[in-house]
Amino acid sequence: MNLVLLGPPGSGKGTQGERLAAHSGVPKYATGDILRDAVRRGTQLGDDAKRYMDAGELVPDEVVLGLVREALSTPDAAEGFILDGFPRTVAQAEGLQRLLEERGIGLDAVVYFDVPDEELIRRLAGRRSCPNCGAVFNIHSDPPSVTGTCDNCESELVTREDDREETVKNRLRVYKEHTEPLLRWYGESSVLREVEAVGSLEEVYGKLLGVVGDS
Ligand code: AMP
């Protein structure tokens, strides 16, 4: 199963992809998570990426393409992969296609998570993240057991810098300008599937399984 999860920030592709990865045993690679980890560790990559991320802008294509090339070269990815938050531009999609062609493989499905803008803004404003282990909760739909505390490592949860209102608006603008054109790009092949990603986590997961079931 070689999958791409496509959708605006807050569409739930990360959460649903996590679940699919756990159930199927196929590794998930989220470029946002890889970049945030680099920022936490204070690496050169993290230092370079941070200013783009804090502003809700995209990190340069060559940088993320390098990360994905590295991720797909690991033995874990040999049997399949789930890409979350990548590609985000047509140049990245072209780069991914070249990477896959070099390996003689293709994508089985590109799943588009469709969510109305007002719902995205509500979800992102309710999102709380763990600065220590990276776990993500939502005060509306997926609250931690103890308010403000991470279920996994008991650290105090925070609102991610880029989940603040002004930055959220910019991320949605960037999504519409750079990432939405991918729907047409992938729409020209037969791999694009759409999930109406509203409803409970269970409902959306059921819809996701429905569209990737035959991949
Ligand atoms: P995410 O967690 O996927 O919302 O990503 C958080 C931030 O990381 C984004 O707002 C971008 O600054 C950066 N980022 C993640 N994935 C990509 C990508 N494929 N291309 C460019 N920037 C990315």
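Reader: Why does Y186 count as buried?

Author: Buried means under 20% relative accessible area, exposed means over 50%, and partly exposed lies in between, using a 1.4 Å probe and protein chains only. Y186 has 5% relative accessibility, so it counts as buried. Before we go on, this is a predicted model, in which local features need pLDDT of at least 70 and side-chain atom pairs count only at pLDDT 80 or more, while totals for chains, interfaces and linings use all residues. Residues are numbered from 1 along each chain as its sequence is written, and side-chain values use heavy atoms, leaving out hydrogens and water.

Reader: What makes W185 and Y186 an edge-to-face pair?

Author: Rings of Phe, Tyr and Trp (its six-membered ring) pair if their centres lie within 6.5 Å; planes under 30 degrees apart are stacked, over 60 edge-to-face, and the rest tilted. The ring centres of W185 and Y186 are 5.1 Å apart and their planes stand at 90 degrees, so the pair is edge-to-face. The whole structure has 1 aromatic pair. W185 has a relative accessible area of 25%, so it is partly exposed.

Reader: How do you know that K28 forms a salt bridge with E18?

Author: A salt bridge needs a side-chain nitrogen of Lys or Arg within 4 Å of a carboxyl oxygen of Asp or Glu. For K28 and E18 the closest N and O atoms are 3.7 Å apart. K28 lies in strand β2 and E18 in helix α1 (residues 13–24), so the pair ties together parts that are 10 residues apart in sequence. Helices (H or I, at least four residues) and strands (E, at least two) are DSSP runs, numbered from the N terminus. K28 is buried at 16% relative accessibility, whereas E18, at 46%, is partly exposed.

Reader: How many salt bridges does this rule give?

Author: The count comes to 19. One of them joins E119 to R123, with the closest N and O atoms 2.9 Å apart. Both residues lie in helix α6 (residues 117–125), 4 residues apart, about one turn of the helix. E119 has 22% relative accessible area, so it is partly exposed, while R123 has 16%, so it is buried.

Reader: What makes R160 and D162 a salt bridge, and are they buried or exposed?

Author: Their closest N and O atoms are 2.8 Å apart. R160 is at 14% relative accessibility and counts as buried; D162 is at 11% and is buried too. Salt bridges with shared partners link R127, R160, D162, D163 and R171 into one network.

Reader: How do you know that the charged end of R19 sits over the ring of Y205?

Author: The rule asks for NZ of Lys or CZ of Arg within 6 Å of the ring centre and within 35 degrees of the ring normal. The charged end of R19 sits over the ring of Y205, 4.7 Å from its centre.

Reader: Why are β2 and β7 called edge strands?

Author: Two strands pair if DSSP finds at least two bridges between them. The 5 strands form an open sheet with parallel pairing, in the order β2-β3-β1-β4-β7. β2 (28–30) and β7 (192–196) are its edge strands, since each pairs on one side only.

Reader: What makes β1 and β3 a pair?

Author: 4 bridges join β1 (residues 2–6) to β3 (residues 81–84), and these strands run parallel. In this pairing, N2 stands opposite F81 in β3.
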